[in-house]
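Please work through the exercises below with the structure open beside you, and try each task before reading its solution.

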Amino acid sequence: MLVGRERERQVISRLVAAARVGESGTLLLSGEAGIGKSALLEDAASAIGDAGMRVLRAAGVDAEREVPFGGLLQLLRPVLDQLDAIPAPQAEALGSALALLPGSGGERFAVGAAVLSLLSRVAEDRPLAVIVDDAHLLDPPSAQALCFAARRLTADPVVVLLAARDEPSVVRSAGLPELAVGGLAEADAESLAAGLGYRLSAEARSRLLAAAGGNPLALLELTDEGFDALPPGAPVPVPASLARTFARRADALSTDTRTALLVAAAAGGDLATVASACALLGVSVGDLDDAARHGLLTVDATRITFRHDLVRSGIYAEAPPAARRAVHAALAQAVPPADVDRRAWHLGEATATPDASVADVLDDAATRARARGAWAVASAGYERAARLTPDPADRAQRLVSAAESAWRAGLPDGARDLLDRASALPRTPALATRAAALDGAVAARTGAVERARDVFLAAGTRAADDDPDTAVMLLAEAILASQFAGDVGTAETAARLIAGLDPRTAAARWVGAMATSVADILAGAGGPDLLRSASTEVEPFLDDPQLAPWLVVVPLYLRESAVGRDVIPTVVAHSRRRSDIGGLPMLLFYVARDQATTDRWDDAVAGYTEAIQLAREAGQATDVTACLAGLSWLEARRGDADACRAHAEEALALAGEHHLGFFQTWAMTALAELELGLGRTDAALERYRELDTVLTELGLVDVDLSPAAEMVEAMAHLGLLDEASALARTLTERAEIKGQPWSMARAARAAGLTCPDPDVDVCFSVALAYHQHTPDDFEAARTELAYGARLRRLKRRVDARPHLRTALAAFERLGAVPWADQAAAELRATGETAQRRSTTGLDHLTPQELQVARMLASGRTTRETGAALFLSPKTIEYHRRNVYLKLGIRSREELADAILD
């Protein structure tokens, strides 16, 4: 019977009750060893079983932390017959991870998405409880997949209950709801200790209560020998004391029993394996009977179970290293022939000095783990193989492989450390280039873009003579990193190096053209024609994840209605199908930026929001910064002042920390545009001047990045006409050099604000004509507003009204509230009452509801939508119900009419 714990039991009871009616819940119980986490899970499991829920259970085992997806297989084995009921790409990823199907090393999040779908499917039959004890001991890939799924359960009848030590682990760093389990209350501890009266004196029991601090296992297991050596009042580190207590109990046993105990502690619990290993060491599994009589473990027909993990870890830790190695050597022979991965691990633990044959076995095991997508296990395997590799060159090769797997596992610090170790060893030019490509990728995605720029540039330069294709790819990455850093000079240098190369493959030639054009545009040295030409050659590369960023950049730089937009949905769909959460945030950034410069603002907010969430989850500071800056810019236009400032300030802080100059300027633009839209023209002009200074310092001279058009508008409002006229002329000269309709339209608008009165119609007509060739409705509406306002000031009220009506309609359609207010005010000033757009149901949809609605309206099924958004079908149904309620509709047909353009 569980003593005390009313608070914890109530929390768990509420979660279970909610799950039974379709509201998902997750709880991580954390605390020191022996504090009672397992007892709480057992209590919960009993209540859950009585309630008729299905239960899936697993427990982490230290001896199996290197077994790829071992924990996940233990948890999901009873429901694997339903694998065919989840989306095929997810079923393939999970089947590969569990060694049920051949694999080729998919994305680490693909397995998590599959676990989410499978749990959701199982819960369709009856409410489900997932219970995992000692979750801190799960193999990392299993823990990552389970946490990924748990974070996304919302409207499924599923409760996830985990228990873990209060120490660093995958589950404790996953952001799950956590309940710290402390010691028992004094009265409860007294009640538990009272049963020990026959073992301890009253004085000893009093000391025990004080020393144990309410730890139940300590109260049950410690005796005077556990703390009589300590002076009165000295603190007792309870788990360590317990481990020593259990080790001392083992010391009292025979030598053969201690050997058998050590085998059991290292083996993981399989009785047949332990028996075989014991025989090899000259002892019998029957020697464990004495350990069982001393309460250290239990033995049944197939398994050996230690009373507590502290028993196992205490016995293992106290054994001499030579004894541990001998046991692992025996276990390497004893494991079943098919269990090659476990054999490899035991061989590694049995070997203390470099051994080429053992290193080869570990390398093979790591390669198998990599093929299954168990990237963390693969990294550990390659690293262990490297430590036992005698040849320095082979050791370097394995360290780089370990680093690559660490990066794919979401462990950038580990990847950098492994690369540093490899750099001190002899490497072939090809291996050095491979290491540099990884080094640069890690740096670029985690915010160290200046380091990424330098690494890519140096590696591309070194590879130029021997491998021009690789050199082009590296130099192209150097250009992207330079763009993010706001370093135009290095981008130009990389572009010149690309121009001097003769790549052999179509992919390298295409990437070279794309990268060179981007560098030229950033430097204000042309580039649009080359970019436009390259954008027509994308078809062969649409499904290549390495080229995805280049496939979606065209709209960002050309801003033309007819170029580069048609491939974006295909590229994003491929990324979603692969569950490529690592690559998806930057793709979504480009997509959202394109939507923000058209008329899809709500979709842009949804895209930025999803990208920020995914990038935070993947630990990608660069992507987070980019999306925060883009979102704040859009929020400025919508007049969401508080959100704009919060996101812009966070983006500025990250940009400053990681030297992301490009996105610093975006966040600065957002704050300036917010002031301008709200009518605070003085403050806006001051911010625009600061932005212009930063752009100049960074060398970002692309006219599309310049705030000159906005500065002219602010100056004209403030009566600074001479300065405004001069700036408008400069802007026109720069726009003519680039020759793109978007920049030409803005320059013509600036000219219309500053030209002599007789030239107003000509200037603004030119601007509106250029706007016809761009998809940017906001900029076109800004021009209509500026045109109508100037006509009104010229007393041409009748002529002003059509332009102001057009501007007002566009701003309201977009949701640009402050600009709509300005247009309405101008229209009223002409003597016409502004007809304001009423709020619709669409305005009340959250970003995620809008994403769900768009996908469902386009014809995707609930399961397909869930797979694409990494949500369960039940969560999709939950959002669909909210959408229907807010829009006042009842069918998919009505949804399509309401949502699709």
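The exercises that follow concern a predicted model, and each task is followed by a worked solution.

**Exercise 1. Work out whether the end-to-end distance of helix H36 agrees or disagrees with its number of residues.**

Begin with the extent of the helix: H36 covers residues 681–698, which makes 18 residues. At 1.5 Å a residue, taken over one less than the number of residues, the helix should span 26 Å. Next, look at which residues are hidden: Thr681, Ala684, Leu685, Tyr688, Leu691, Val694 and Leu695 are the buried residues of H36, and what covers them includes helix H35 (661–677) and helix H37 (708–717). Finally, follow the chain just past the end of H36, where Gly699 adopts a positive phi of about 80 degrees.

**Exercise 2. Decide how many residues of strand S4 are buried, and find the strands that pair with it.**

Take burial first, with buried meaning under 20% relative accessible area. Eight of the eight residues of S4 (residues 158–165) are buried, and the strand is therefore largely enclosed by the rest of the structure. In a regular strand, side chains alternate between the two faces of the sheet. Here Val158, Val160, Leu162 and Ala164 point one way from S4, while Val159, Leu161, Ala163 and Arg165 point the other way.

Now turn to the pairing. Strand S1 (residues 25–31) runs parallel to S4 and pairs with it over seven bridges, with Ser30 standing opposite Ala164. Strand S3 (residues 128–133) is also parallel to S4 and is joined to it by five bridges, and here Ile131 stands opposite Leu161. Between S3 and S4 the chain passes through helix H6 (residues 140–152), in a β-α-β crossover that is right-handed.

**Exercise 3. Find which residues have the most contacts inside the largest nonpolar core.**

The largest nonpolar core has 155 residues, and those with the most contacts inside it are Trp510, Trp550, Trp666 and Phe811. Taking Trp666 as an example, and leaving aside neighbours within four places in sequence, its contacts include Leu556, Phe589, Tyr608 and Trp633. A second, separate core has 65 residues, among them Leu138, Ala145, Leu419 and Ala422.

Key. Residues are numbered from 1 along each chain as its sequence is written. This is a predicted model: local features need pLDDT of at least 70, side-chain atom pairs count only at pLDDT 80 or more; totals for chains, interfaces and linings use all residues. Side-chain values use heavy atoms; hydrogens and water are left out. Helices (H or I, at least four residues) and strands (E, at least two) are DSSP runs, numbered from the N terminus. Buried means under 20% relative accessible area, exposed over 50%, partly exposed in between (1.4 Å probe, protein chains only). Contact means heavy atoms within 4.5 Å. Two strands pair if DSSP finds at least two bridges between them. A crossover is right-handed if, with the strands pointing away from the viewer, the path from the first strand over the helix to the second runs clockwise. A nonpolar core is a set of buried Ala, Val, Leu, Ile, Met, Phe, Trp, Tyr and Cys residues joined through side-chain atoms within 4.5 Å.
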